[in-house]
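Here's a quick briefing to read alongside the model. Have the sequence and the 3D view open as you go.

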Amino acid sequence: MSIDSTTRPHTARTAARAGSARPAPRRRLLLGLLGGTSGGRTQWLSDGARRDDVVDIDRYARQAQVAEAAFFDAYFLADGLGFDPTHAQGQPAGGLEPLTTLSALAPRTTHIGLVATASTSFNHPYNLARRIASIDHISRGRAGWNVVTSSGGEANFGWDALPPQEERYRRAAEFVDVVDALWRSWEPDAVVFDRSRQVYADPDKIHRIGFAGDYFRVEGPMNIQRPPQGRPVLFQAGSSASGKEFGARYGEVVYTAQQHLDEALAFRADLLAAAEAHGRGPHALRVLPGLSAVIGDTPEQARELDHAITDGLDWEFGRRSLAAALGGADLSGLELDERIPPERLPDPSALGRRQSRPAIFRRYALQPGTTLRDTIRYAARAAGHGTLRGTPRQVADHVLDWFERGAADGFIVMPPAYPDALTDFTTKVVPLLQEAGVVQDSYGEGTLRHRLDLGLD
């Protein structure tokens, strides 16, 4: 999705004129920041980038602090557990582990939620429950867990192959059930702290969970007190059929890649309907698409900046990366300004590892007039997430449009690869959203879960 000066502005007033009345009570638009090396594969080519940026904790802290100064709801770190050395040639590689990083960021921030990606395939629920509960305590109730099943990395954990996608999600469901039971194994008032009687905690309020399933046997209880949130907020990022079903059952904030309004509307509606089928209420989850916005003072400046971002791409490296992102497509021998023949694009439904992202790139490549160069540029910019370019007002109007129409409950902002991308969004777009009354201009009291109105504190 790309906007320019011809895009129809959509504000609260135009929404009302169009008959798109806001729901009551009024929804609040949520904002998260994808931190670390966000900005696509070209981030490191921008002026001011340094060789140790991907492992510099001060850089991560600056990102989180800028987002917090703009009253973002969450700072989000992605992760992967496999590594192809050839990928280090044309893009930053070897970043910090998310849970460790957020432990370091907790004392350097005060209000913003801290969300780490962690795999259910390559962790054990007891250890992961302890780590996330620890971050929740260190941050005083600001932890979130982005639940993923992983689409690679099996060779690093002694596996010959990944299980089929459906089995990975079955394991993930059991994993989350165990973690949730461990977090609840201490009742809220289990710690008595009665020094006169020399009673620190009431053992009758600390429970073994006695879990025995298909994948895990965990006795419990957890050896750390109940997290401040009761349950740290569960994020989820799968968009395949299995991923959507998992998100509808467990997800509280769903991070998704959406490029078109009609598809985003359908995705959110399907997800909410599936959540309702699981007995969850209409406000049990929030849907946040990824958004990469190139912002200029004029539409022409934004367009020039957009093109400049990918001018320095290594096109052959981009060809190899795109081939892998498409699920193993053969892109050899094609000219950059040639279209990718449809027969060279694998059927995403036949892929065993990852399906939703190859489907996005395939659909983009098949658009009329789209060349191999265009698709490489698109993949490098935002990894399949939504992209915008325009003035601050145009970007704000787009965000409002999707929010008011019910296509999104907010966005995970993915700053593109130019030095002021994050500050442009926080200082130029966010104030316009605050003027429209849809995003917060201060932090309320309580935990992340409480501020997101998710219940269960």
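A crossing is left-handed if the near helix is turned anticlockwise from the far one by less than a right angle, and right-handed if clockwise. By that rule, H5 and H6 cross in a right-handed way. This is a predicted model, where local features need pLDDT of at least 70, side-chain atom pairs count only at pLDDT 80 or more, and totals for chains, interfaces and linings use all residues. Residues are numbered from 1 along each chain as its sequence is written, and side-chain values use heavy atoms, leaving out hydrogens and water.

**The H5/H6 pair**
- Helix H5 (residues 165-183) packs against helix H6 (residues 241-250) at about 15 degrees, with the axes 10 Å apart.
- That makes the two helices roughly parallel (angles under 35 degrees).
- On the H5 side, Gln165, Glu166, Tyr169, Ala172, Ala173, Val176 and Asp177 meet Ser242, Gly243, Phe246, Arg249 and Tyr250 of H6 (contact means heavy atoms within 4.5 Å).
- The residues of this contact split into six nonpolar, three polar and three charged.

**Strands E9 and E10**
- E9 (residues 233-236) and E10 run parallel, joined by two bridges.
- Phe235 sits opposite Val253 in E10.
- In E10 (residues 253-256), Val253 and Tyr255 point one way, Val254 and Thr256 the other, and all are buried (under 20% relative accessible area, with a 1.4 Å probe and protein chains only).

**Asp73**
- Look for Asp73 in the loop between helix H2 (57-69) and strand E2 (74-77).
- Asp73 counts as buried because its relative accessibility is 7%.
- Leaving aside residues up to four places away in sequence, Asp73 touches Arg28, Leu29, Leu30, Leu31, Ile112, Gly113, Gln440, Leu448 and Leu452.

Definitions and conventions:
Axes fitted to C-alpha atoms, helices over the stretch in contact; angles between N-to-C directions. Helix = DSSP H or I, 4+ residues; strand = E, 2+ residues; numbered from the N terminus. Parallel < 35°, antiparallel > 145°, perpendicular 65-115°, else oblique. Nonpolar A, V, L, I, M, F, W, Y, C, P; charged D, E, K, R; others polar. Buried < 20%, exposed > 50% of the residue type's maximum accessible area, 1.4 Å probe, protein only. Pairing = 2+ DSSP bridges.
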